[in-house]
Amino acid sequence: MNDKLVDHLFRHHSGKMVSVLTRIFGLKHLDIIEDAVQDTFIKASISWRKEIPKHPEAWLTKAAKNRVLDIFRALSTQRKYQSSIKTGTDAIAINELFLDSEIEDAQLRMIFTACHPKLDPRDRISFALKTVSGFSIKEISTALLTKEETIKKRLSRARKAIQTSDIKFNIPKGKALQRRLESVMEVLYLIFNEGFHSNTKAHLVREDLCGEAMRLCQLLLRHSHTRIPEAYALFALMCFHSARLEAKIGVNNEILDLKQQDRSLWHFPLVELGNTMMNKAVKTDTFSCYHYEAAIAAEHLRAQSFEDTDWHRILQWYKALHNLQPMPIHLLTMAVICVQIKDYEQSESFFQQINPEDLEQRRYLYDAAKSDFYAETNNQKSALKHLEIALANVNNTSERDYLQKKYTELLSKA
């Protein structure tokens, strides 16, 4: 039980501790700080076997701070910090950094550090998951479908860039804030999307990733300088998608598409929260990709049944989204929508604009969609052929089972 508690606390609080301690000791000591926090949780897992402290998080925070001081003492750098932290008015200032509002401020600083333009875009999401969210290298590699050794290199490269570029641990201002915010929101979107539609073999949904992305997005909305319409739209999108999480997977861990989902399982308090966020998001003259994606998600939630879905309205939103942010996945979705409304000529036009290889790890979605197109247009042979290609490329077990079921049904009709 204690080990589970430590694991839970590490996931939810290590990022806070790393952020606050970095604000105190500086980015140049990030490696030492992360090691200290890790050591603290190892110590907790041992000492809590006898008795769990009354305030576990406070115990961990104090222990981590002391552990950092011990390491600095061993490295002969302690003298610089010891007096200011242990005594006088500076001690009060340091302790105030552990107030909830200051912890949130420190975490925002860490998010903006992780999304600094001097960091390689490929490294930002790994660095954010590690330092802000407390994910292990193994968890990051699983979430991003990347080898652990590659994740280690990305984290090392990010830390090196922070050191050599003398990146400051702060929230940027002016035009720099807007540019960095775009990077921050992109990283949060990617974290959420990986949770909502996971590429991992065993899990189609990773609720921990969804929850973490939402928590970090809420940090943006609680800060006056980062509370912008795009952030409200992004959080609304997360709310709308999260409302359907419970209905997305069946009792036997099978995938359920929108047509099969039990809509009574949709979590409507999250839908209402998303609507509130969207009301704030639209107080702008310019809509972002998050606005359009949230509008699409809201249309699905508004429909009483799959048959009631306003596909024409959704297609309009997708066209607007694709005009703003051209992507092959948008073309594919529009092709699928046109199959729903039986506009096969337009569907074929969208398919022709797609190079399946551009979809990379989600290439199988193209062949699954093309199979549906051929099945609807009574070309069973081509439908089966594309499903075979999709089955050969899909990674997730639930999605493979879903496609295999469709293949069996098609085969019985051939």
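1. Two residues are taken to be in contact when they have heavy atoms within 4.5 Å. On that basis, among contacts in the protein chain between residues at least 6 apart in sequence, 65% join residues at least 24 apart. Please keep in mind that this is a predicted model.

2. On secondary structure, the protein chain has 21 helices and zero strands.

3. On burial, the chain has 414 residues, and 52% of them count as buried. Its accessible surface comes to about 20900 Å², and carbon and sulfur atoms account for 50% of that area.

4. How are helices α17 and α19 placed relative to each other? Their axes come within 10 Å and cross at roughly 20 degrees, with α17 spanning residues 328–340 and α19 spanning residues 363–376. Angles under 35 degrees count as roughly parallel, so α17 is roughly parallel to α19. The crossing of α17 past α19 is left-handed.

5. Which residues make this contact? From α17 they are Ile329, Leu332, Val336 and Val339, and from α19 they are Leu365, Tyr366, Ala369, Phe373 and Glu376. By class, the residues of the contact of α17 with α19 divide into eight nonpolar, no polar and one charged. Glu376 of α19 is part of the contact, and Glu is counted as charged.

6. Leucine 332 deserves a separate look. This residue is found in helix α17. Is leucine 332 buried or exposed? Its relative accessibility is 4%, and buried means under 20%, so leucine 332 counts as buried. Not counting residues up to four places away in sequence, leucine 332 touches Phe351, Ile354, Leu359, Leu365, Tyr366 and Ala369.

7. What does arginine 159 contact, leaving aside its neighbours within four places in sequence? The list is Leu30, Asp31, Glu34, Phe127 and Lys130. In that list, Asp31, Glu34 and Lys130 are of residue types counted as charged.

Conventions:
Residues are numbered from 1 along each chain as its sequence is written. This is a predicted model: local features need pLDDT of at least 70, side-chain atom pairs count only at pLDDT 80 or more; totals for chains, interfaces and linings use all residues. Side-chain values use heavy atoms; hydrogens and water are left out. Helices (H or I, at least four residues) and strands (E, at least two) are DSSP runs, numbered from the N terminus. Buried means under 20% relative accessible area, exposed over 50%, partly exposed in between (1.4 Å probe, protein chains only). Accessible areas come from the Shrake-Rupley method with a 1.4 Å probe; for residues, only the protein chains shown count as cover. Axes are lines fitted to C-alpha atoms, for helices over the stretch in contact, and angles run from 0 to 180 degrees between N-to-C directions. Angles under 35 degrees count as roughly parallel, over 145 as roughly antiparallel, 65 to 115 as roughly perpendicular and the rest as oblique. A crossing is left-handed if the near helix is turned anticlockwise from the far one by less than a right angle, and right-handed if clockwise.
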